[in-house]
Amino acid sequence: MAKTRLKRPTLRKHSRNLGIVLRLIFCFPLGLYAMWTRAPWSKWAKIAVSALVAAVLVVILTPSTNPPERQIGGIVTVDGDPAYTLLGPEAPEDRGKIEIYTPRRTAIIVEATPTPAPIIVYCNPGGQYYHSEDCVHVQKGETPQATLEQALKAGYRQCPECDAPSELEG
């Protein structure tokens, strides 16, 4: 004698349909995908559900009211005829007129700062002092030249015998 099996696909089918419907409600993109790929529904039922989801989205995303109209007033323009309209709240009645100074043009004058010419001194190798060009310790063409700044950085001091420029000048 052959055993007859009881069919229980209805419970499985109902749980699958319930899962798809829950996905459609709580996560519609996933629900639509599951409906089109796994649901044993007819093509027209799937189209109707997709259209219903699209209609609900349009209703939710479309604003239901218009923004309030803005009213002009409360702001006084100081300058002549503006190229735009100023909007703002109404000014209190007891407030006086406020004048605001706005310069038309601002001139910026930039002058070049002249770079001072370097002061040339003469330093003998191995010596302690720097000298002017006319000093007796300078041999024309042989004593090396340097700027006063370089000589001071190298540790040279002003020659006590000639009129070499001092570090305080210049």
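These are my notebook entries on a predicted protein model.

**Ground rules.** I number residues from 1 along each chain as its sequence is written. Because this is a predicted model, I take local features only at pLDDT of at least 70 and side-chain atom pairs only at pLDDT 80 or more, while totals for chains, interfaces and linings use all residues, and side-chain values use heavy atoms, with hydrogens and water left out.

**Confidence.** I looked up pLDDT (the predictor's confidence in each residue, from 0 to 100) and found an average of 77 for the protein, with 72% of the residues scoring at least 70. The lowest mean, 74, belongs to helix α1 (residues 9-26), and the highest, 90, to strand β1 (residues 120-123). I keep in mind that where pLDDT is low, the predicted coordinates should not be read in detail.

**Layout.** I took helices (H or I, at least four residues) and strands (E, at least two) as DSSP runs, numbered from the N terminus. The protein has 4 helices and 4 strands, and their order along the sequence is α-α-α-β-β-β-α-β. For burial I used relative accessible area, with buried under 20%, exposed over 50% and partly exposed in between (1.4 Å probe, protein chains only); 16% of the 170 residues count as buried. With contact taken as heavy atoms within 4.5 Å, residues 24 or more positions apart account for 39% of the contacts with a separation of 6 or more.

In α2 (residues 28-38) I found Gly-31, Ala-34 and Met-35 buried. They cover an arc of only 100° around the axis, and therefore sit on the same side of α2; the arc is that of the directions from the helix axis to the C-beta atoms. I then checked how α2 packs with α3 (residues 43-61): the angle is about 170° and the axes are 10 Å apart, where axes are lines fitted to C-alpha atoms, for helices over the stretch in contact, and angles run from 0 to 180 degrees between N-to-C directions. The two helices are therefore roughly antiparallel to each other, a label for angles over 145 degrees, with under 35 roughly parallel, 65 to 115 roughly perpendicular and the rest oblique. Phe-28, Leu-32, Met-35 and Trp-36 make the contact from α2, and the residues on α3 include Lys-46, Ile-47 and Val-53.

**Lys-46.** This residue of α3 is buried, with a relative accessible area of 10%. Leaving aside neighbours within four places in sequence, I see Lys-46 in contact with Met-35, Trp-36, Ala-39 and Trp-41.

**Cores.** I searched for nonpolar cores, meaning sets of buried Ala, Val, Leu, Ile, Met, Phe, Trp, Tyr and Cys residues joined through side-chain atoms within 4.5 Å. The largest has 13 residues, and those with the most contacts inside it include Val-121, Cys-135 and Cys-162. Strand β1 gives the most to this core, with 3 residues. Ala-151 touches Val-121, Cys-123, Tyr-130 and Tyr-156, not counting residues up to four places away in sequence. Apart from this core lies another, of 6 residues, among them Ile-20, Leu-24, Ala-34 and Ala-39.

**Ser-132.** I located Ser-132 in the loop between β2 (129-131) and β3 (145-147), where it counts as buried at 9% relative accessibility. Beyond residues up to four places away in sequence, Ser-132 touches Tyr-122, Val-138, Cys-162, Asp-163 and Ala-164.
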